Amino acid sequence: MAAALAAYQAGVKDILLIERDQYLGGILNQCIHPGFGLHHFKTDLTGPEYADRFIKQVAAAQEIEVSLRSFVVRLTADRELTYLKPGGMVTLQPRALIMATGCRERTREMIHIAGTRPAGIFPAGLAQKMVNIEGWLPGKEIVVIGSGDIGLIMARRFTLEGARVKAVVEIQKESRGLVRNVVQCLEDFQIPLYLNHRVALIHGRDRVEKVTVENNETKETFELTCDTVLVSVGLIPENELIEQAGSPDPAKPNLPGLFVCGNSLKVYDLVDNVTRDSQKAGEAAAEYLKNA
Amino acid sequence: MYDVLIIGGGVTGAAIARELSRYRLKIALLEKETELAFGVSKSNSGIIHPGTQNPPDSLKGKFCVLGNLLTREIAKELGVDFKEVGELIVIFNEADRPRLQQIKAEGERLGVPRLRIVERAWLREHEPNLNPDALAALYAPTAGIISPYRWVYALAENAARNGVKIFLGHKVTGITPEPGNRRLNVSVSRTEEPRRSVSGSEVTFRARFVINCAGLYADEVARLAGIDDLTIKPRKGEEFLLDKKREHLVNHIIFPLPTPTTKGILVIKTSDGNPMIGPTAEEVADKEDRSTSDAGLQKVLAATRQLVPSLSENDIIAYFAGLRPVAGKDFIIRHEAKVPGLITVAGIQSPGLTAGPAIALLVVELLKKHGLWPHRKLSFQHYRPKTTHLFSLPVTHLPFLLEQDPTYGEIVCRCEMVSAREVRDAIKRGARTLDGIKFRTRAQAGRCHGGFCTTRIMKIMIEELKLKPTEITKRGPGSNVIVESRE
């Protein structure tokens with residue numbers, strides 16, 4: 001939305017915004033905690049509030065057309081784009097294309113965690129969506145693997161929902177999340193953070209029953225009973241479409257008229273920085289169209 | 001009262017059910033899990049073996065060669081993709097050449113067609129990522145790949161269409177011959193009742209013949225009938241799936257020289273496109289131990305890097321372990337004289353997936369030999385319409401589908417491009433769990449592992465199966481996905 005608005009303000013009047021979900025705002029909609037907008041709006045907002053400010057601006061800019069529930073299935077090197085939406089398939093070739101496709105979570109599968117594969121293992125973002133959007137509680141006794149921000153925030157969120165968070169286990173010597181999240185989400189709720197430890201085994205046949213935690217240096221182990229494991233081990237830019245279009249390095253797409261911004265370029269800690277980055281992409285696209 | 005009762009809904013049970021459904025018989029199939037193929041079959045590598053690497057006079061060898069032929073035929077009838085990719089058994093030392101020639105000779109004696117030894121120059125040309133130190137290989141062009149679970153589901157769907165009754169969540173607890181009557185009474189505990197009715201209730205099935213193809217539990221089922229000379233030892237195999245981006249890592253299935261107990265650790269092509277590496281082979285005590293280990297990963301990586309050096313740990317996107325039901329060196333397929341009417345089909349480990357349709361033919365012969373003379377059905381339906389998968393269709397074909405049903409355009413799984421319509425189809429065909437939907441559609445099987453699609457699939461399940469959110473399971477009772485719903 002920030003890229004579309006920036007391009008619009010720079011004089012581009014023929015803009016299509018394609019979103020695969022049924023509403024704009026992306027992952028912000030499930031981030032109901034505060035901490036958004038301190039830089040950009042100089043005020044503390046929740047994720048949905050932050051998104052809403054942009055949704056209103058997009059709605060006011062009448063030349064920005066929005067297509068929801070629209071899923072891009074193909075992108076070629078000359079920017080021919082095909083997307084599906086319920087009941088239709090559209091192919092078009094915009095003069096400039098901005099990719100603001102965000103990032104996805106690394107999964108348990110990408111970092112081999114030995115043991116069984118029962119129900120109860122969730123990427124932290126999926127658990128966040130279940131709790132905050134669907135009103136579903138995934139479990140009652142939680143162990144979080146990895147101290148990424150989503151994991152830290154979900155440790156607090158689960159505690160507030162009446163679940164017991166047994167521990168956050170981080171393989172590195174320092175938390176990989178923001179300091180404010182370590183303090184506000186763990187310390188304030190007396191949730192133990194095991195640095196320099198790893199979950200060596202997940203146990204349980206049908207549902208998670210416990211995990212074995214190992215100290216990286218001493219190799220000493222202990223067990224934690226739990227019914228749920230949240231995995232928060234980092235984010236990776238989502239840019240399979242750019243790869244499909246034939247650019248091996250999505251960070252430097254060598255395709256004319258193609259711009260990449262926000263978390264799909266590199267993963268940011270703060271949404272305010274994503275916005276700033278996306279505005280630059282919108283302006284750059286407008287500039288490109290003037291010269292093209 | 002049934003003519004034939006089949007215990008076990010894996011590939012063997014499903015292939016037997018489909019073969020028997022050609023005849024005018026009353027048939028039932030009992031499966032203790034919530035869905036078919038949830039035992040041994042779900043972790044199968046999906047290789048349709050050519051018949052090599054089996055002892056010359058074994059049932060394994062004979063049924064593998066015949067099964068390879070039959071599978072192609074039946075897969076065509078049932079709309080299941082079978083791809084003939086061929087396999088290479090690779091050697092690195094001149095000293096191993098006699099062993100390779102021996103495997104070739106043994107294969108030829110079994111009737112494996114078109115075997116030949118290929119040399120380094122051929123390997124360079126046809127398998128460029130293979131370790132350049134590879135000296136020669138036995139090339140078996142008739143090896144193929146199939147999706148093991150889609151194969152089981154297709155066989156079972158077709159069997160059901162031809163009259164076989166399938167009972168899921170039905171665990172056999174007793175087998176007793178009826179005194180003075182050649183009938184077997186099979187008592188069953190229903191581990192999973194249709195909702196809102198009594199759970200755990202016992203029922204009895206009467207049948208003239210009972211076929212025990214209970215996989216890992218075939219020995220326990222046999223013991224219920226008083227047969228105690230059977231022991232199934234689980235042999236664990238850990239497998240690691242690679243990203244679809246590495247689809248063309250290899251062009252054939254790549255084997256090392258086999259050892260006496262296993263075909264070794266391989267680089268496998270799969271029908272879904274993701275290459276797979278593994279499996280390990282380790283005897284375990286627990287028939288439910290499907291855990292993977294760090295040691296298993298290292299072992300598989302070391303072994304397969306020897307074959308394909310460019311293989312990287314970073315390419316791994318999923319891993320799992322399966323258990324082979326081992327009952328000695330060969331399959332055990334026999335009529336139990338001690339319990340007339342009981343047929344044992346046990347120890348169906350590799351090449352069991354390939355052998356399934358051939359085993360089914362032998363079972364028909366055994367039934368005839370022991371007093372069942374069935375008539376062929378004139379109304380037998382050979383065919384099953386192919387299921388639709390967006391990911392396997394060219395983009396230009398999609399508008400036709402969208403015209404048929406707009407929900408083909410409602411993408412539920414972003415990594416594998418699965419639509420709401422495909423998920424609903426899977427449920428109509430029998431999927432009851434998240435894993436059942438994954439196996440049929442590939443939704444949740446991609447690189448984000450359900451991060452995007454899980455809640456979307458759950459909502460479709462709630463609607464189609466009339467479930468509460470808390471009742472949705474990953475793979476049956478006890479594997480509920482969430483514990484509380486506060487809608």
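The largest nonpolar core of this predicted model comprises 123 residues, and those with the most contacts inside it are B:Ile211 and B:Ile254. A nonpolar core is a set of buried Ala, Val, Leu, Ile, Met, Phe, Trp, Tyr and Cys residues joined through C-beta atoms within 7 Å; buried denotes 20 or more other C-beta atoms within 10 Å of a residue's own, with C-beta atoms placed from the backbone. Domain 1 (2-41 + 149-231 + 329-369) and domain 2 (87-141 + 233-326) of chain B both contribute residues to this core, so it lies between them; domain bounds come from an automatic or database domain assignment. Not counting residues up to four places away in sequence, B:Ile254 touches B:Leu88, B:Val90, B:Leu130, B:Leu266, B:Val267, B:Leu307 and B:Val308, contact being defined by C-beta atoms within 7 Å. Apart from this core lies another, of 74 residues, including A:Phe158, A:Tyr194, B:Leu434 and B:Cys448.

The contact between the chains takes 40 residues from chain B and 39 residues from chain A. On the side of chain B that touches chain A, β18(B) supplies the largest share, four residues. Helices (H or I, at least four residues) and strands (E, at least two) are DSSP runs, numbered from the N terminus. Strand β9 (residues 136-137) of chain A is joined to β23(B) by two bridges, and the strands run antiparallel; pairing requires at least two DSSP bridges. A:Trp136 stands opposite B:Ser485 in β23(B).

Residues are numbered from 1 along each chain as its sequence is written, and chains are lettered from A and ligands numbered from 1 in the order in which they are written. Local features need pLDDT of at least 70 and side-chain atom pairs count only at pLDDT 80 or more, whereas totals for chains, interfaces and linings use all residues.

Note on methods
A residue is buried if 20 or more other C-beta atoms lie within 10 Å of its own, exposed if 12 or fewer, and partly exposed in between; C-beta atoms are placed from the backbone. Two residues are in contact if their C-beta atoms, placed from the backbone, lie within 7 Å.
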